[in-house]
Amino acid sequence: MASYKKTFKHTLLAKKELNRVEENLSNNESLLINLSYLKDEINHLNKIIGGQTNNPQLVQQSLLDFISQKEAAIDIVSIEDVHLFSDNDFLIYSNQIQLEGNYTDLIHTLYEIEKNFKDSRVANAHFFSKKNYRTNSKKLFLKIILQNYENLK
């Protein structure tokens, strides 16, 4: 019993401590790999969700230029002021534009904005019609909300 208390007990405790340290070390290595992977994913998602911009007014102007260069028979009915929203991590710029035209031209313009306009991303698109009771005709409208995100950190 005395030899157990003097040698074997300390040896077994040291072996348990060694196993625990080795396990923690392997966990730390896998955590570093996971952290690197997550940082790459965050950078990739930041590129996908919206262009980084310092001046949201330039985004609005480039959107107007982009739409006016298209040969579709659409009219820009209104464009709202840039709406800003901030949380702990991001500053979000929202632009709203309302277009009028026929369905084919509006859907084609929406498609072009989604695919080729890189300064901002389409967050919402809403088709609606209004009836003019004097002329007894309907007009089709498209309201598009575009957003870009600026990382605050």
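Visitor: Let me start with one residue. Which residues does Thr 109 touch, not counting residues up to four places away in sequence?

Guide: This is a predicted model. In it, Thr 109 touches Ala 72, Ile 74 and Leu 99, with residues up to four places away in sequence not counted. Thr 109 itself is found in helix H3.

Visitor: Is Thr 109 buried or exposed?

Guide: Look at the relative accessibility. The cut-off for buried is under 20%. Thr 109 has 2%, so Thr 109 counts as buried.

Visitor: Where is Tyr 111, and how exposed is Tyr 111?

Guide: Tyr 111 is also placed in helix H3. Its relative accessible area is 45%, so Tyr 111 is partly exposed. You can also read a spacing here. Tyr 111 and Val 122 are 11 residues apart along the chain, and their C-alpha atoms are separated by 9.9 Å.

Visitor: Which residues is Ile 144 in contact with, leaving aside its neighbours within four places in sequence?

Guide: The list includes Asn 95, Gln 96, Ile 97 and Leu 99. Leu 110 and Ile 113 are among the contacts too. Ile 144 has a relative accessible area of 0%, so Ile 144 is buried.

Visitor: Now a pair of helices. How do I describe their packing?

Guide: Two packed helices are described by the angle between their axes and the distance between the axes. Here, take helix H2, residues 56-69, and helix H3, residues 103-116. They pack at about 130°, and their axes are 11 Å apart.

Visitor: Why are H2 and H3 called oblique to each other?

Guide: Check the angle against the cut-offs. Roughly perpendicular covers 65 to 115 degrees, and roughly antiparallel is over 145. The angle of H2 and H3 is about 130°. H2 and H3 are therefore oblique. The crossing of H2 past H3 is right-handed.

Visitor: Which residues meet between H2 and H3?

Guide: From H2 come Leu 63, Phe 66 and Ile 67. From H3 come Glu 112, Ile 113 and Asn 116. By kind, the residues of this contact are four nonpolar, one polar and one charged.

Visitor: On to the loops. Where does Asn 88 lie?

Guide: Asn 88 lies in the loop between strand E2 (83-86) and strand E3 (90-100). Its relative accessible area is 69%, so Asn 88 is exposed.

Visitor: What is the phi of Asn 136?

Guide: It is near 55°, a positive value in a residue other than glycine. Asn 136 is found in the loop between strand E4 (121-132) and strand E5 (137-151). Asn 136 counts as exposed because its relative accessibility is 58%.

Visitor: Last, the whole protein. How many helices and strands are there?

Guide: There are three helices and five strands. Along the sequence they follow the pattern α-α-β-β-β-α-β-β. Of the 153 residues, 27% are buried.

Terms used: Residues numbered from 1 in each chain as written. Predicted model: local features only at pLDDT ≥ 70, side-chain atom pairs only at ≥ 80, totals over all residues. Heavy atoms only, no water. Axes fitted to C-alpha atoms, helices over the stretch in contact; angles between N-to-C directions. Helix = DSSP H or I, 4+ residues; strand = E, 2+ residues; numbered from the N terminus. Parallel < 35°, antiparallel > 145°, perpendicular 65-115°, else oblique. Left-handed = near helix turned anticlockwise from the far one by under 90°. Contact = heavy atoms within 4.5 Å. Nonpolar A, V, L, I, M, F, W, Y, C, P; charged D, E, K, R; others polar. Buried < 20%, exposed > 50% of the residue type's maximum accessible area, 1.4 Å probe, protein only.
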